[in-house]
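Biologist: Hi! Could we walk through this structure together, one question at a time?

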Amino acid sequence: MGSRLIVRRGDPAEVLEALARQTGATVIHATTGFPFAPDDGLEAAAERGGARLELHPLADLVPRGSVLTGSGGVYKVFSPFWKAVRQVQIAPPLAVPKLTAPEDWPDSDGTDWPEARAAMVRGWDVLARHTRPGEDEAHARLEEFLEGPLPDYKADRNLPWRPRATSGLADALASGEISARRIWARVQPDYQQGAAGSEHFLSELCWREFARELMAESPDLDRTCWREEWNRFPWRGDNDDAEAWRRGRTGVPMVDAGMREMFVTGQMHNRVRMITGSYLTKHLLTDWKVGLDWFGHCLSDWDAASNAMNWQWVAGCGPDAAPYFRVFNPETQAEKFDAEAQYRRYWLDPEAEGARAFAEAAPKAWKIDLHDRPKPALSLAEGRDRALDAYQGLKS
């Protein structure tokens, strides 16, 4: 289109003001809730630079607060929310705008990120091997998914060992390389024709929408239990068991495999996220916010609303949450979804590619020895009983 990307690092307000002055821009367009910086102060900064800031809503499926219950409130259960969204006319994606290029281009800091490189040390190069950035790549991934795995999506999405069973678009959605509306529009022909897997795929896209709706209603969803009484639950704060969990050293194979996958790739299979989250909050009786913070530190597909709601869901304290007495057993889950242990072997066997990548990515301070497999801090039965006892105490 004859345009370019200008990358600047620094305080958003200061950078925006300087760039507006340098380019002579009169209007700056941005999305509300810019994901990596607050909007606070940007309007005044644009004005100081001689420009006007025009904010646009995110390209979510529906505008926030537009899909409400009969009594005018926000849906607190997903199923009726999903049913309601299906009755709404989802706006089509906007056409590509025409842009006028400036005669003189401002300097760019380039797409390298020295501060992140330094902070991630060896992890930068490891993570880069698992990242497919860019809008074109996001569209290519969507097409690959629709042409291949979609018909078997409902069943195969729970199998962490099966490659390309899901769309792999979470990071692209999180960073805005593709929008929920764009995906919805592209899947509609398959959905209207009753293509297998299409409805379930769209419902998962809507689950993300559900999380955003709830966080807009309760901005402290990532810090406070949705169900107020759960703020009295006797979760442990950060502790040695939680540190072992972070490092993939719980001694529970399915949990450790998942934690390694996330540290290496920046993502974790969704079924395994539920298993690792349940283990931390129930077997280890650790506050869900400890897990939320670590996921926020590691995930390349981090989304504030989804991360918060999913952690509250698995901990049992959130909207439409799994009942607290539903304690995922990592061993039976592994038998069901990783029957031949392909996933666990890839991340845990010392000679496997995944395990070696984890040793390469992990901080040297962790002193990773791939042949050293710790024993669990407590048995799965003991952890489950302790969690249920705590739950009964809260009820009484």
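This is a predicted model: local features need pLDDT of at least 70, side-chain atom pairs count only at pLDDT 80 or more; totals for chains, interfaces and linings use all residues.

Biologist: Is Val96 buried or exposed?

Modeller: A residue counts as exposed when its relative accessible area is over 50%. Val96 has 61% relative accessibility, so Val96 counts as exposed.

Biologist: Which residues make the nonpolar surface patch of about 350 Å²?

Modeller: Val96 is one of them.

Biologist: Let's turn to the aromatic rings. How many aromatic pairs does the structure hold?

Modeller: Rings pair if their centres lie within 6.5 Å. By that rule, the number of aromatic pairs in the structure is 22.

Biologist: Why is the pair of Trp230 and Tyr391 called stacked?

Modeller: A pair of aromatic rings is described by the distance of the centres and the angle of the planes. For Trp230 and Tyr391 the centres are 5.9 Å apart. Planes under 30 degrees apart count as stacked. The pair is stacked because its planes are at 15°.

Biologist: How many residues apart in sequence are the parts that Trp230 and Tyr391 tie together?

Modeller: Trp230 lies in the loop between helix H10 (198–217) and helix H11 (240–246), while Tyr391 lies in helix H19 (residues 380–395). Trp230 is buried, with a relative accessible area of 5%, and Tyr391 is buried too, at 15%. The pair therefore ties together parts whose separation in sequence is 161 residues.

Biologist: What is the angle between the planes of Phe263 and Phe358?

Modeller: These two form an aromatic pair, 6.2 Å centre to centre. Planes over 60 degrees apart count as edge-to-face. Phe263 and Phe358 are edge-to-face, and the angle between their planes is 80°.

Biologist: Which helices hold Phe263 and Phe358?

Modeller: Phe358 is buried, with a relative accessible area of 1%. The pair ties together parts that are 95 residues apart in sequence, because Phe263 lies in helix H12 (residues 253–265) and Phe358 in helix H18 (residues 353–361).

Biologist: One last stop, Asp112. Which residues does Asp112 touch, not counting residues up to four places away in sequence?

Modeller: Asp112 is found in the loop between H3 and H4, and Asp112 is partly exposed, with a relative accessible area of 38%. Contact means heavy atoms within 4.5 Å. Beyond its sequence neighbours up to four places away, Asp112 touches Arg9, Arg117 and Trp124.

Methods:
Residues are numbered from 1 along each chain as its sequence is written. Side-chain values use heavy atoms; hydrogens and water are left out. Patches are made of residues with over 30% relative accessible area and no salt bridge: like charges are joined within 9 Å, nonpolar side chains (Val, Leu, Ile, Met, Phe, Trp, Tyr) within 5 Å. Accessible areas come from the Shrake-Rupley method with a 1.4 Å probe; for residues, only the protein chains shown count as cover. A salt bridge is a side-chain nitrogen of Lys or Arg within 4 Å of a carboxyl oxygen of Asp or Glu. Buried means under 20% relative accessible area, exposed over 50%, partly exposed in between (1.4 Å probe, protein chains only). Rings of Phe, Tyr and Trp (its six-membered ring) pair if their centres lie within 6.5 Å; planes under 30 degrees apart count as stacked, over 60 as edge-to-face and the rest as tilted. Helices (H or I, at least four residues) and strands (E, at least two) are DSSP runs, numbered from the N terminus.
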